[in-house]
Structures are given as structure tokens and as C-alpha cells.
Amino acid sequence: MKNISIGTIAKKYGVFIVFIIEIVIFTCLSPTFFDFSNFTNILRQVSMIAIAGVGQTLVLLTGGIDLSIGSQITFGNVLCAYMMAKMGLDPILACTVVIVLTILIGYLNGAIITKTNMPPMIATIAMMSILRGIAYMISNGQSIIGFPESFRGLGQGFVGGVIPVPVIIMVGCLIVGWFILTKTYFGRYFFAIGGNETAAELSGIEVNRMKRLAYSICGLFVGIAGIIMLSRLNSGSPLTGKDFEFDVLTAVVLGGVSISGGRAKISSVIIGVLIIGVLTNGFVLLNVGEYPQLVVKGVVLLLAVGFDCLSRNRETQKIA
Amino acid sequence: MGEQVILEFKNITKRYPGTVALDDVTIDFRQGEVHALVGENGAGKSTLIKTCSGAVTPTSGEIIIDGKRFDKLSPALSQENGIAVIYQEFNLVNELSVAENVFLGCPIRKGVVPDMKRMEQETTKILKRFHMTMDPRSLVENLSIGYQQMVEITKAISKNAKILVMDEPTAPLTTAEVDILMGIIAQLKAEGVTIVYISHRLEEIFSISDRVSVLRDGQLIKTMNTAETNREELIKLMVGRELKETFPKRKENIYGEIVLEAKHLTGNGVKDISFHVRKGEILAFAGIMGAGRTELAQMIFGMARPESGEIIFKGEKVQPRSPAQAVDHGIALVPEDRKQQGAILELSVQDNITLAQLRRLSKLTVIDKQKEKSVAHEFRESLRIKTPTMTQEVNSLSGGNQQKVVLAKWLATEPDLIILDEPTRGIDVGAKHEIYMIMNELVENGKAIIMITSEMEELIGMADRMIVLCEGNMTAELTHEDFDKEKILHYASKTGGN
């Protein structure tokens, strides 16, 4: 016998309902919202949050958190810009170097956390500050411009004249994320570690190694997102990527990835990112200023995490 | 024992979506009696207690406490009316002292500041009255589980509880601690406190209870005077069918070669321990809690490293540095705490079963789902795990089935040595029996088992041989012919070597 209450419906389909309501509201308020070119625009805007979101999701799944992803992007942008504009490096080589470095930064985050048992939040906040500092040092606080023409295509080009390149990359990254979560043994291990670390360790899982892997993969996705951002902005600035970690965190938690680990789906990432993307886009169309947007984003983060924590409390009560 | 009824449940029903947890239960508790509640997991005992404590609101029926009628209780109302419940998980603040915990929420004050001195004095008074020896100023986190439980009891007494509900109080206790608890219960009873006593251990129920009520599938089956019933009848009422022997007989024991040998192992709280276990044999580690049994097992399983001594596994010297390495060698450990260490409750039955060998089921990091499925199904069949589907989350299964899932996880790795730490803790009679049968099958198939258990009957009924530990030392090695309760207890409390 199944008894479906409003609560369970809200929990299961809540985010989809929010998404639809959001679309209806903006369609009513703005004549330019419901439009194909606006939709591709939204998708292109959210692609970076979605790509980094896959990485953050893996880390959250193991019970960790990476708050340094915004600064990883800043660092990557400035360094990549410097290498291309000042050192004349080939874009492909420069991008490869940056991605390798963000993977290493992720690994370093994981290593610090697993070696010292430091709270992930503190370790990655420290990393955030370190990377931002390095970015300022490389750039001397200035924006770096003057990239090869070919590099612009990555963030600004279209495939078949309609689908933006970043959207294609986003879809690719989401598929890889889905594959990791559902098909690979280490993806399953991430679930196990977030669900019950002690039991996972006693099951012969090398917990610390797996955590370092999660942070490293996160670095990979963040590196990709950063390069797209650089190409879109066509300028490497030490201000890029500020607060980006909060956008990513808000989106994935809103979608249903649990902040306390053990629960995550790629569909959650997609829906969470779309809600945030539509919200941001709608605000721009309605000429809502940047300051009220910050307030709204903060409120949304609180609501998303609050809802996650509440439903978790309820579950633990059920088990007890 | 007075005949006066102090607490009564009348036609209490509690419905949850999809299930009826309590089905028209009418039961009474008399002043100053020890009233045992028994039943398999899921019989409704927990719901009944929670109705008492105000955590659960009954769908219908009424609760009468000392003549006062209630449709439902709240935690505050329950306390006001003299009900105290001691759950399996204690409600203590680890960082506070014993006295502070006893008076938590209603401290004795001097003006606005808490009067620590008086609280300590009051606590000492109660402790003395019940012959408990404990410093009211020591921090709860430094106490053993047995003492923490005493703090809970003291807390209840300080609030003048008239009805004390205890949920599996002896499950985490050592034999010595159980004796102390029994003494406290006797004293409480003498002072006119009613004890509602929930336990899976029938032995205890016969030794301390006046009456016993059997619950099954949410219904009250029968309330009896304990003196007028016996073990067989109780089991029959609980499971609703006849169970033959508690400990199934094994076929003729044929021991094979030595699987594991430990030579002078020292470290992690144990000193100079040597033993071996052969194929087809169940070796038990006996002793009270804190004797070093679990600590010894941890060294074998790579959770702790020995300071000296060696481990020889299948003829080779090994030193596992992590559980992962131990698993690779072919050692498995089913930990004592199923929910915290054994199962991953949010993962499905299938994911749990295959977890420990998922890597081996994968090719180039990709899981072979077909193989995974067949492994999971194989063990679901062979261990008779009762679950509607393989995608069911483990936390929705009963304790016995959860334990079977954890066992399945380890058997799937095809280990040569299986260490079982308290394999039947907190699971019901029927499931216990099945776990014993599985253990028998395993040794018949040439596996070696090391069993750690605090239950004397299980120890004597299941082990082929045992080593007895006391305070980290090995005090005896007993073969089956020498098994004797008195003897084991003697060695378990004997310090120093032989």
C-alpha cells in the first residue's frame, strides 16, 4: 500500500515544481524571456556552474566540500592568460597546463584534509586565499588580455550555428559525471564513504585515497569550467571567479545533492543549475541590480541547505 | 510486589502509512513489579515504549497513569507523571560530569548559579543508596558504557521516577556489569519502582522478571507470570512457531590446516598473545568488555598495528596495515556495531553486499553490473535475506536481515578467515538461529571463524575452542570438553598469566 502525502511529493518533485513556477513567472513578467535564443543564452551561462558542479558534487558525496573552486578558476584564468598573452604559449598547451595544475590543487586539498583530518571547509578556505593571492601576484592586479583568435571559439563559438560550444562541453561533462556516479566502482565508493565512513573503511575501501581522488576529479572539472570562462570573458582578471563556489554550491544543493554526503544524482545537478540560471537570467531581464541579486542568492542557499538538513533530521528520526 | 496497577494501556493502536505498529494492545503494569516485554524485532516493543515516553502519539486508545487518563503523552507529560525511559542510546552529554548530567535540565541553584556542591552531594546520595561506586565529578565520556547506564538510572531516580522503562539495558554490558545492574533493579523494585524491561536475553528475563508479556506483529500475544512459563513456551509465542534447538548441531568436526597463527602479539592494549585457528574451526575470544578481544581482532584486520609479535596467515608472515590489505589477504571482519560500522544504511541491499569486492567486479574501473547482480542474488539466496527488492535501502530491513547483509558482504569476498564480533547482538531469536546455521555451514565448508561474543550461551554453544582474555592478557585456552560457565568466568576475571 502506498500512501502519498504532500510532503513526499514536495520532496520528490519540489525542485521541478519550483523550476516550472519560475519559468511561468518570468514569462509573464518579461516579454523577452520565453525565447529560443534566450534559452540557449541561459544554457551557455550556466554551463560553467554545471561543469564545476559535477566536481563539487563528487566532493560533497564523500562528505567533503571544496570552497576553493572559485579561486582555482581565478588562478587558472590568470595563469592561462599570462601564458598565452605574455609567454606566447599555444592555447592548447596553456589549457593543458592549467587543467593539470587544478587537478594537482584538488589533490593537494584532499591530501591536506586526509593527512591532518582538518575540516574540509577550513582547508579549502585557506586554499581559496592562497590561490587568490597567487593570482594577484601573477597578474599584478591587472587584467591580462590579448589571446590568440582561435581561443575565443571555445567560449563564444557555436556548433551548427545554434548550439553554443560551452553547452556541448557541459553535456559531455555531465555524462562523464553520470558515468562516474553510476558505473564505476570508485563512484560507488564515494557514496559509501559519504554514507558511513567507518563502515566503508572496514569494508576494505581505501577511504583517504578515494577522498583525494574526489578532490582531484573536482579540480579537473573546475579547470575545464575556468577555461571556458576565460574564453568567454576574453580577459584574465584576478576578480573572475569570486563567489563562484557559492553559486555552484547553491545550485547543486538546491537540486538535491546532500550537503552531509552520501546522496547525489546528476539530474540534481542539472535541475539545480537550471533554477539558478533562470533566476539570474530573469533578474537581468527585469533589470534587478546586482546587490539585491546577492541577497536573493544567499536566501536561496539558506533555503536549499535548510531543506536538506530538515529532511535529513526527519530521516534520522525515522531510523531511531 | 503490590497488586496495584500503576500504568495501563487500553486498546492502543498505532498506524503508520502501510503498517500497523501496535494493534489494539491492552496491557497493565503493577506497582513494584519487573515486567518484561519480549518479541522479535518489529514486534512493536519500541513503539510501545515510545508511546510511554511521549515520542509517539497513538492513533487510538488511552493511557492511564495512576488513575489519570490520557489520549497521548508528550515527553514533558510523561516525565511529570513519573515515567523515565532509558533507551539503548543514552541521552547524556559526554563533556559534562556525572552530577551535571543527573541534574541536566533542572539543576539545583543557588541564586542564579548552579549549586555544584549540592548536586554532587545529591548524586552521591543516590549512588550510595544503590551501591554504585562512581565519582560524581568524573566526566561521562571517561566512563565505560556500564557506568554511563548507571548515570542514566541515577538521573531517573533523581526525578523520582515511578516507572522505569529499560530498552535492552544489558546488550552492551559485560557479565560483571550485568550483575551490578540486576542488583540495582532489585533495589528499585524494593523501593516500589515499576520496571518495564525489554530484552532479547531470555536467561535474564527468567532471573529477574515477575511477569512477562509477549508481543508479535504489533499485537499482545500473552501476559504471564514468569514463574509459570518456560523458555520453550516464550520462544514459541515470540516466533509463532516451534524452534528446535537454540544451537544447531554441526556435522562431525574435521579440522584442516592452520589458517592463522599469532605469535606473541603485543600492542593495542593486549600483551603477548599466541593462538592459532584451523580450517573448519570456530575459535572464540572470551572475556569481559575491555579484556582486549576486539583490540586483538583489530590487529589481525589491519586496524591497529602490533608493537611486537607476528601474524602468520596461510603459512606466510603478514602484517596488514589497513583493512584493505587484510581483505586482500582473505581476512574478513564483521564488526560489533552493525549500524555504525557494518552496513551502509542508505545504500541498497545489493550495493552493500558487493561493496567489499566491487573493485574485483570491475573492469577498467567500470562495474560489471551483470556479475554484480548475480553475486548479490547468490548471497541473498544462500543467506535467506528477506528483502522485497535488491534496491531496497538497508535501513528499512530488520536487524537480523541487516546483519545478514553485512555477513553477505564479507562472504562475497570469499575469505579464508572470518572474524565475527558479537554476531548476534540485538537481533531476535529466529534470526540468531539462522546466523548460527550460517556459521555452521561456513566451517563445514572449510572456513575458519574467530568469534567474539559476550553471551555465555553463544560462547559455549558455538565455539570449538576458546582463548580467554582478561585485561589484555591471555589467561586460558579451553577446548570444548573444558567448557564450563564457572571456569570461563574464573579465567575472565583472573589477572596476570597462568
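Where is the place of A:Gly70? A:Gly70 sits in helix H3 of chain A, which covers residues 69-86; helices here are DSSP runs of H or I with at least four residues, strands are E runs of at least two, and both are numbered from the N terminus. The model is a predicted one, so to speak of local features a pLDDT of at least 70 is needed and side-chain atom pairs count only at pLDDT 80 or more, while totals for chains, interfaces and linings use all residues. Residues are numbered from 1 along each chain as its sequence is written, chains are lettered from A and ligands numbered from 1 in the order in which they are written, and side-chain values use heavy atoms, with hydrogens and water left out.

On confidence, the predictor puts the complex at an ipTM of 0.85 and a pTM of 0.76. For chain B the average pLDDT is 88, and 96% of the residues score at least 70; pLDDT is the predictor's confidence in each residue, on a scale from 0 to 100. Where pLDDT is low, the predicted coordinates should not be read in detail.

Back to A:Gly70. With a relative accessible area of 0%, A:Gly70 is buried (buried means under 20% relative accessible area, exposed over 50%, and partly exposed in between, using a 1.4 Å probe and protein chains only). Setting aside residues up to four places away in sequence, A:Gly70 touches A:Thr240, A:Gly241, A:Phe244 and A:Glu245, where contact means heavy atoms within 4.5 Å. A:Leu131 is 61 residues from A:Gly70 in sequence, yet their C-alpha atoms are 9.4 Å apart in space.

Some of those partners bring in helix H11 of chain A, residues 244-255, whose axis comes within 6 Å of that of H3(A), the two crossing at roughly 135°. Axes are lines fitted to C-alpha atoms, for helices over the stretch in contact, and angles run from 0 to 180 degrees between N-to-C directions. That angle makes H3(A) oblique to H11(A); angles under 35 degrees count as roughly parallel, over 145 as roughly antiparallel, 65 to 115 as roughly perpendicular and the rest as oblique. The crossing of H3(A) past H11(A) is right-handed, a label used if the near helix is turned clockwise from the far one by less than a right angle, with anticlockwise being left-handed. On the H3(A) side the contact involves A:Ile69, A:Gly70, A:Ser71 and A:Ile73, and these meet A:Phe244, A:Glu245 and A:Val248 of H11(A). By class, that contact of H3(A) with H11(A) holds 4 nonpolar, 2 polar and 1 charged residues; Ala, Val, Leu, Ile, Met, Phe, Trp, Tyr, Cys and Pro count as nonpolar, Asp, Glu, Lys and Arg as charged, and the others, Gly among them, as polar.

Two loops of chain A are also worth a look. A:Asp90 lies between H3 and helix H4 (91-116) and is partly exposed at 44% relative accessible area. A:Asp90 and A:Phe151 are 61 residues apart in sequence, with 9.4 Å from C-alpha to C-alpha. A:Asn234, in the loop between helix H10 (207-233) and H11, has a positive phi of about 60° although it is not a glycine. A:Asn234 is partly exposed, with a relative accessible area of 24%.

Chain B has a positive phi as well: B:Asp217, a residue other than glycine, has a phi near 50°. B:Asp217 falls in the loop between strand S11 (211-216) and strand S12 (219-225), and is exposed at 60% relative accessible area.

Next come the helix pairs of chain B. H4(B) (residues 116-129) and H5(B) (residues 145-158) pack at about 110° with axes 10 Å apart, and are therefore roughly perpendicular to each other. Here B:Thr123, B:Ile126, B:Leu127 and B:Arg129 of H4(B) make the contact with B:Thr154, B:Ile157 and B:Ser158 of H5(B). H14(B) (residues 399-411) and H15(B) (residues 429-444) pack at about 15°, again with axes 10 Å apart, and are therefore roughly parallel. B:Gly400, B:Gln403, B:Lys404, B:Leu407 and B:Leu411 of H14(B) meet B:Ala431, B:Glu434, B:Ile435, B:Ile438 and B:Leu442 of H15(B). The contact of H14(B) with H15(B) counts 6 nonpolar, 2 polar and 2 charged residues.

Finally, B:Thr387 is in the loop between helix H13 (369-382) and H14 of chain B, and counts as buried at 8% relative accessibility.
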